[in-house]
Amino acid sequence: MAFDVASVRGLYTSLGDGWTYLNAHDAPQIPERVSAAVARSFRLSASVAPPEPGSGSHSRVSLGRPEGESYVQQARSAVADLVGATPGRVVLGPSLPALYMSLAVALKPLFRHDSALVLNRVDRPQLTEELRRIGAPTRFAQADLATGDLPAWQFAELVDGATRLVSVPAAHPELGTIIGVGEIVERVRERSRAWVLVDVTSYAPYKPITFDAWGADILAVDLSELGGPQLGALVFRDEAMFGRLDAAALDMEVSAGLAGGVPAVVEHYASLVEGAQGRPTRRNRLTHSMGQTATYFDRLREDLDTFLGTLPAVHIVGVSGEAAEGSAIERIPRLMFGVQGVPSTMVHQRLLAHGIVSTLARPSQLLTDMGVDEMGGAVTIGLGPFNTETDIEQLIRTVASLA
């Protein structure tokens, strides 16, 4: 079954307010089933389920306990299905920065006086700062200033036997550049036994994820960026890894009410496209649904690049220009652009005046080095599964009136 965007739009009641939302990178719309699940979870988390008719040896062992205690375990199972793992490898936290802060503490037993850490300039700055709390000597991988990519070859020079952790993102949250995680992991494995931490937050709403395919050691995801509750998750390669950590540092309290919305957001993505073959498990349905959704997103992203790029005064960061021309880099449907001679604030206001919600590019050293400040800033566009070709056309017409 093909992707039916009209049906998908019906899953978001917020779309009836007249705005065209192109800001999924900043404030993704919340599916109705998620908001309903969170409301129900908050309402029932303190209640106790009725007793089962019998009381044999197989009766429920949690009899008399609040319902909310089961919501956290259900959330772990949902995240496990999202990335192709098992629930025992999932750690939940109140946010991704909070989890990175706890991970920095938990990793201390792995680090000796000569141990090193490899970070990069593409990751979200707040996550990088949390990892620097480890206090180890830090080396930085540099992005390609033409495309925003994180070339894998440099990790052969940055990583050595003393390296204990390498952190990379699966995709740039605003430029949309997909990072070659698999190739980076291969380069790291050739040089050391360091763990590789991958932030899949920006990648997860657009592409199916199979943990083992990347060969990474830890995956991180901010569930709110999928339109879910304000929670984060770390997923480990295997449960034996906890024995090498200060595992107590990862024991974080999370809201049972919010945890109750996690299965709903994973089920939402598993239900965007029906018709999965084989066993009707949530994981199988999710893989099929996200595969079809990714095809739809690829078409929208191609139209964005093609039509926006034909406007002579428009510069798409990481795409336009001789240095980036012809690059075979895969991208998620997010991009950043500027209009020659027009400040980004004016572009942003013009879009709002035409009912289009976008955001101004967040300042970062990488964007400065790529020349975004010199062209007067940039505007970021991020698509959701409810966006249509009509939304793209509306954006192009509005930008063309400036360009």
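Predicted model: local features only at pLDDT ≥ 70, side-chain atom pairs only at ≥ 80, totals over all residues.

Now widen the selection to residues 334-339, which make up strand 10, and residues 379-382, which make up strand 13. These two strands run antiparallel, and four bridges join them.

Which order do its strands follow? Reading across, you get 9-10-13-12, four strands in an open sheet with antiparallel pairing. To find the edges, pick 314-316 for strand 9 and 359-360 for strand 12; each of these pairs on one side only.

Time for some helices. Select residues 68-83 (helix 3) and 282-309 (helix 11): their axes come within 8 Å and cross at roughly 45°. Because of that angle, helix 3 counts as oblique to helix 11. The crossing is right-handed.

Zoom in on who does the touching. From helix 3, show Ser-77, Ala-78, Asp-81, Leu-82 and Val-83; from helix 11, show Arg-282, Arg-283 and Leu-286. Colour them by class and this helix 3 to helix 11 contact gives you four nonpolar, one polar and three charged residues.

For the last stop, select residues 72-240. UniProt lists this stretch, in an unreviewed entry, as "domain: Aminotransferase class V". What is the chain made of here? Over residues 72-240 it is 29% helix and 21% strand.

Technical notes
Residues numbered from 1 in each chain as written. Heavy atoms only, no water. Axes fitted to C-alpha atoms, helices over the stretch in contact; angles between N-to-C directions. Parallel < 35°, antiparallel > 145°, perpendicular 65-115°, else oblique. Left-handed = near helix turned anticlockwise from the far one by under 90°. Contact = heavy atoms within 4.5 Å. Nonpolar A, V, L, I, M, F, W, Y, C, P; charged D, E, K, R; others polar. Pairing = 2+ DSSP bridges. UniProt positions renumbered as here; feature names shortened; annotations may be inferred.
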